[in-house]
Amino acid sequence: MWIEPRMSSFKKEVVSLLSETTEVPPEEIASRLEYPPDGSFGDLAFPCHLLSKRLKKPPQAIASELAERLSPRASIDRIAATGPYLNFFADPAILATEVVSSIISQREDFGFSDEGRGKTIVIDFSSPNIAKPFGVGHLRTTVLGNGLYHIFSKLGYKLVRVNHLGDWGTQFGKLITAFKLWGDEARLEKDPIGELFDLYVEFHRRAETDSSLEEKAREEFRKLEKGETETSEFWRRFKDLSLQDFDRIYRLLGIEFDSYAGESFYNPYIEKTIEALKSAGLTRVSEDALIVDLEKYGMPPCLLKKRDEATLYATRDIAAAIYRYETYKFHKNLYVVGSAQRLHFQQVFKVLELMGYPWSKDCHHIELGWIKFEKGAMSTRKGNIVFLEDVLSKSVELVKSIIEEKNPTLEDQDRVARQVGVGAVVFWDLSARRNKDINFSWEEALNFEGQTGPYLQYTHARLASVMRRYGEPLPPHPDLSLLSGAQEQKVIKLLSRFPEHLQRAAFDYEPYHLVSYLLELASAFNSFYQSQRILCEDLNLRSARVSLAEATRTVLKEGLRLLGMESPESM
RNA sequence: GCCCCCGUAGCUCAGCCGGACAGAGCAUCUGCCUUCUAAGCAGAAUGUCGCAGGUUCGAGCCCUGCCGGGGGUACCA
């Protein structure tokens, strides 16, 4: 059960009041409290169905009885029964003062927690395959992993971002074979990824009719694993060229890694790992392959070595997990990888458990849905793929033309276009829960209206603009109790919930929770903005509203940062 | 065959632990820029929550079966 670790003083008050009178433990009360669907019902609701069995009374009676007995205190303004619900209303003045002033004073640290102090989380994400183009399909793991990195960091954890490059395996045998047969040296220099990609597609096309190619590829990979010079040279070159290409994309997205230890990195640890498995009596030979039998656990066997002695990715993942524990002593070890690999990770984690590692339970596969095309799935092998770089640059171009049309005098247009263009694509990817398959369409990924990244960025720019117009230091002692209007209160209530949404996003490994929260916040603010003037005549009210605007700006900006997006000051 | 995920408005998706009338955005239609950025706001319209049973005071949510889509199921990752 998810227990919310931090509460506003209003919620604490409600919890303790209810707990005292009903003798239900505070934790249970806290976990049962709901936000009413509509503000007119109240700010927090306690469903009395829960007590109805114990007290042998209908919930409606319990609610009205409790409403009679309980008296409001401190930050609780009013208590009322509505049907089976007991509704609590927060004191608007106290709430406004508490929330706005704490955001103003804590600034971007608002929502920070030290729950993760002294704990390390290893997060494996992005992990593209060397020598293949970086497709939109790779966006999910990259953006989601980066989001989780920011979110957990904010909760005080120390994060180790690992880019587990796919730089090993039979695919390199294929590439080397193809390059030897049909490679174009000059083109490799000029357009490395393009050349390698075409060779890869060519290989698979020809392999359909020529089965000797697959055999040649396996032979090349065997040479690579043995460290033969000529083969290793090819590999090294392909890898370096690819990394340069990826680096360009990571810079555009503002993503960094702490380690690029990919599959090849663990090569020296493989034999040791296999020996450990053997001496633990876990392995056996079956159909000429070395396996760990997992039938007892309802899973197919975990393959460690193929018939031809070459290793598989399960072997490398086992070695990598052990390495990561020994190196980082992680509290959690996360794999942000497509759900297609679910069984693979179940097998790997089970093998680690059988090896006697108690930390195997701290390894989690953060499953992701696919990015699909209307016309069937993407496949690198078949060559139908949309390059992420094309999507990003198209988006940036489109933003540029919109700026020219809407805000031609804007300074630093290229920079803003990049921030907004990239932000739109990043946000699009985060705009559904992570295990959902999403369809790639240019129209949707490059939409800038409604629930989109640019909408949030625009709201931020608008706030920044108001603050510029205000042009003075923040008022030192605003009377925040003046923020009693319905729209102001709605924004304030949402601001107060930022920490819990953050917490929930971390708990579920689901940045989407943060996404939907930010949309709600932006919408509530825009609603307020449209109907009330912030820089109004009444100076006391102006001070209070400016403070509210600044608090909203702070939370929006910080939220966007956590999602890996920038917040332009104007756009 | 077996296992897993998904099915909610024309489209894309929310719906927290079973709880108040099933909600947003896009698209469509109607208003609002001489006042803080209209990439915005206000409003209208749109539903057999895949189908059939069951559990429950109460089911979009839990259980069973079926239908449809996707994925996995020993030498790709």
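**Helix pair and RNA surface**

Helix α7, residues 170-182, and helix α10, residues 212-226, have axes that come within 7 Å and cross at roughly 110°. Angles of 65 to 115 degrees count as roughly perpendicular, so α7 is roughly perpendicular to α10. The crossing in which α7 passes α10 is right-handed. Bear in mind that this is a predicted model.

Which residues meet there? On the α7 side they include F172, I176 and W182, and on the α10 side L213, F221 and L224 are among them. Charged residues also take part, including K174 and K180 from α7 and E214, R218 and E220 from α10. By class, this contact has 8 nonpolar, 3 polar and 7 charged residues.

Now to the RNA. There are 65 residues around RNA strand B, and S31, Y85, K306, Q451 and S465 come nearest.

In the side chain of E263, an N or O atom is 2.6 Å from a sugar or linking oxygen of RNA strand B. For L535, a backbone N or O atom lies 3.1 Å from a base oxygen.

Several elements give two or more residues to this surface, among them α2, β3, β7 and α21. Which element gives the most? That is α18, with 8 residues. By class, the surface near RNA strand B has 29 nonpolar, 16 polar and 20 charged residues.

Definitions and conventions: Residues numbered from 1 in each chain as written. Chains lettered and ligands numbered in written order. Predicted model: local features only at pLDDT ≥ 70, side-chain atom pairs only at ≥ 80, totals over all residues. Heavy atoms only, no water. Near = heavy atom within 4 Å. Polar contact = N/O pair within 3.5 Å; in protein donor to acceptor, adjacent residues only side chain to side chain. Helix = DSSP H or I, 4+ residues; strand = E, 2+ residues; numbered from the N terminus. Axes fitted to C-alpha atoms, helices over the stretch in contact; angles between N-to-C directions. Parallel < 35°, antiparallel > 145°, perpendicular 65-115°, else oblique. Left-handed = near helix turned anticlockwise from the far one by under 90°. Contact = heavy atoms within 4.5 Å.
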